[in-house]
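User: I am new to reading protein models. Please take me through this one in short steps.

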Amino acid sequence: MSIYQHILVAVEADENEGRALLSHANQLARQFGASLTVLSVVEPVLTDFNGDIGVVPTQFTSELVELAGKRLRPLCAAEGLDPGRLRVEVGPITATILEVAQHVDADLIVLGHHPLRGFAALFSHTDKGVVGHAPCDVLAVRLKPAK
């Protein structure tokens, strides 16, 4: 029996980075003989009924979910993955990754890591949050910056 039975890969709906991360996770799944769930998380765009930011998910959130699916389905197909393995969820990124990992009983979470500097480093806490609270192992794959 392999050390990993179910891998969850958290992918942004970005064609270049998504392709590289998905390929990496798929290779790991093949090597371990593990199943693979592909997850993309869309943070909700919120508004209240008066048009102020902050209360109810907007139609824009639904459009972002559709767009993420449209971008990721071809990447999954290119990797030979069943489209049923793709999940697009709405919620806070870190919490949603952790919830889905528990739901699918993942024993490895694979996510992309951007080495950030300066001001941007203050606001990106997804990998730290996932690593610190994950119910399983986490692999952060270094993503090369776009040229």
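User: Is A10 buried or exposed, and what is its relative accessible area?

Analyst: This is a predicted model: local features need pLDDT of at least 70, side-chain atom pairs count only at pLDDT 80 or more, and totals for chains, interfaces and linings use all residues. Residues are numbered from 1 along each chain as its sequence is written, and side-chain values use heavy atoms, with hydrogens and water left out. Buried means under 20% relative accessible area, exposed over 50%, and partly exposed in between, with a 1.4 Å probe and protein chains only. A10 falls under that limit, so it is buried, at 12%.

User: Which residues does A10 touch, not counting residues up to four places away in sequence?

Analyst: A10 has its place in strand β1. Strands (E, at least two residues) and helices (H or I, at least four) are DSSP runs, numbered from the N terminus. Contact means heavy atoms within 4.5 Å. By that rule, A10 touches L21, L39, I97, V110, L111 and G112.

User: How many residues of strand β1 are buried?

Analyst: Side chains in a regular strand alternate between the two faces of the sheet. In β1, H6, L8 and A10 are buried on one side, and I7 and V9 are buried on the other. β1 is largely enclosed by the rest of the structure, because the buried residues number five of the five.

User: Which residue is the bridge partner of I7 in β2?

Analyst: Two strands pair if DSSP finds at least two bridges between them. β1 and β2 (residues 35-42) run parallel and are joined by five bridges. β1 also pairs with β6 (residues 108-113) in the parallel sense, over four bridges. In β2, the partner of I7 is L36.

User: What is the distance between the closest N and O atoms in the salt bridge of E89 and R87?

Analyst: A salt bridge is a side-chain nitrogen of Lys or Arg within 4 Å of a carboxyl oxygen of Asp or Glu. The structure holds one. E89 is partly exposed, at 25%, and R87 is partly exposed, at 22%. Their closest N and O atoms are 2.9 Å apart.

User: Which side chain of opposite charge is nearest to E79?

Analyst: Lys and Arg count as positive and Asp and Glu as negative; His and the chain ends are not counted. E79 lies in the loop between α2 (59-78) and β5 (86-90). E79 is buried, yet has no salt bridge. The nearest side chain of opposite charge, 4.5 Å away, is R30.

User: What pattern does the protein follow along its sequence?

Analyst: The protein has 147 residues, and 38% count as buried. Its secondary structure comes to four helices and seven strands. Read along the sequence, the pattern is β-α-β-β-β-α-β-α-β-α-β.
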